[in-house]
Amino acid sequence: MNMLKQPHPYPGRLFVVEGIDGSGKSTQLDLLRKWLVSEGYSVFYTEWNSSPLVKQTTRKGKKRNLLTPTTFSIMHATDFADRLANMIIPPLEAGMIVMSDRYAFTAFARDVSRGVHPDWVRNLYSFAVKPDIAFYFKVSIDVSIKRIRIGRGKLKFYEAGMDLGLSEDSTTSFKIFQGRVLKEYDRLATEYGLTVVDGSGPIDKQQELVREVVRKALIDYDKHHQPMGLERFQKET
């Protein structure tokens, strides 16, 4: 059964952000997190590829360029499974708001763009619970490159798809690879009902839209209810 197609059964809420590199999604999620905390909500944050279970292995594989597209997919799925079991579902069960910087949709977009079959990837992540809201911050490739270069100066090897041999020039390779990823995200927005946000607009205007959508998702949510086990996760936020 594909869990991403049906609402999850937990008392908490799951909000995730998606988009190509340089889309501004992390900035918007951080602003949303700070706002929710200021409003008195209990929030737990997690991000893509951060599980201690496989983080070091993935890092070594990337450094030595040993990861095939399929291996890459399996490593990230292992990371996701560990975080889902230990960092996403438990706080959801505890009634918290869980915020995830990237979710299974990242794998659907990136892995398919690397040549992995879309059905295979979806089956690999069939255990993932459906987010209450999945925001997709959409920007052009040019905007993405400009922001990345302003932020850290150069493009990373894998985000530019240099492992695929698309071009010896990192900028050209980035445009080709991230262009593929962007097309996949557009398909996912329709397939999974992602909430599309114009990521090229003013930051404050984007945040206004995000908060408006989140408010509606919290209408029947009791932020004062303190389920069993909440204290464990409050200490980590």
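Buried means under 20% relative accessible area, exposed means over 50%, and partly exposed lies in between (1.4 Å probe, protein chains only). This is a predicted model, so local features need pLDDT of at least 70 and side-chain atom pairs count only at pLDDT 80 or more, while totals for chains, interfaces and linings use all residues. Residues are numbered from 1 along each chain as its sequence is written, and side-chain values use heavy atoms, with hydrogens and water left out.

**Exercise 1. Describe how helix α6 meets helix α7.**

Solution. 
- Step 1: Know what to look for. Two packed helices are described by the angle between their axes and the distance between the axes.
- Step 2: Read the geometry. Helix α6 covers residues 141-152 and helix α7 covers residues 170-192; their axes come within 10 Å and cross at roughly 125°. Axes are lines fitted to C-alpha atoms, for helices over the stretch in contact, and angles run from 0 to 180 degrees between N-to-C directions.
- Step 3: Name the arrangement. That angle makes α6 oblique to α7. Angles under 35 degrees count as roughly parallel, over 145 as roughly antiparallel, 65 to 115 as roughly perpendicular, and the rest as oblique.
- Step 4: List the contact residues. Helix α6 supplies Ile141, Asp142, Ser144, Ile145, Ile148 and Arg149, and helix α7 supplies Thr171, Phe174, Lys175, Gln178, Gly179 and Leu182.
- Step 5: Sort them by class. The contact of α6 with α7 has 5 nonpolar, 4 polar and 3 charged residues. Ala, Val, Leu, Ile, Met, Phe, Trp, Tyr, Cys and Pro count as nonpolar, Asp, Glu, Lys and Arg as charged, and the others, Gly among them, as polar.

**Exercise 2. Examine the salt bridge between Asp21 and Arg110.**

Solution. 
- Step 1: Recall the idea. Side chains of opposite charge can pair when their charged atoms come close. A salt bridge is a side-chain nitrogen of Lys or Arg within 4 Å of a carboxyl oxygen of Asp or Glu.
- Step 2: Read the distance. The side chains of Asp21 and Arg110 meet at 3.5 Å, N to O.
- Step 3: Locate both ends. Asp21 lies in the loop between β1 (13-18) and α1 (25-38), and Arg110 in helix α4 (residues 104-113). The pair is 89 residues apart and links distant parts of the chain.
- Step 4: Check burial. Asp21 has a relative accessible area of 13%, so Asp21 is buried.

**Exercise 3. Work through two salt bridges, Asp30 with Lys34 and Glu184 with Arg187.**

Solution. 
- Step 1: Start with Asp30 and Lys34. Their side chains meet at 3.1 Å, N to O. They are 4 residues apart in helix α1, so about one helical turn separates them.
- Step 2: Asp30 is partly exposed at 30% relative accessibility, and Lys34 is partly exposed at 46%.
- Step 3: Go on to Glu184 and Arg187. Their side chains meet at 2.6 Å, N to O. They are 3 residues apart in helix α7, so about one helical turn separates them.
- Step 4: Glu184 is buried at 13% relative accessibility, whereas Arg187 is partly exposed at 49%.
- Step 5: Look for shared partners. Salt bridges that share partners join Glu18, Asp21, Arg102 and Arg110 into one network.
- Step 6: The structure holds 13 salt bridges.

**Exercise 4. State the phi of Asn49 and of Arg102.**

Solution. 
- Step 1: Recall the rule. Most residues other than glycine have a negative phi.
- Step 2: Take Asn49. Its phi is near 55°, a positive value in a residue other than glycine. Asn49 is found in the loop between β2 (43-47) and α2 (55-63). At 17% relative accessibility, Asn49 is buried.
- Step 3: Take Arg102. Its phi is positive, about 80°, although Arg102 is not a glycine. Arg102 is found in the loop between β3 (97-101) and α4. With a relative accessible area of 6%, Arg102 is buried.

Terms used:
Helices (H or I, at least four residues) and strands (E, at least two) are DSSP runs, numbered from the N terminus. Contact means heavy atoms within 4.5 Å.
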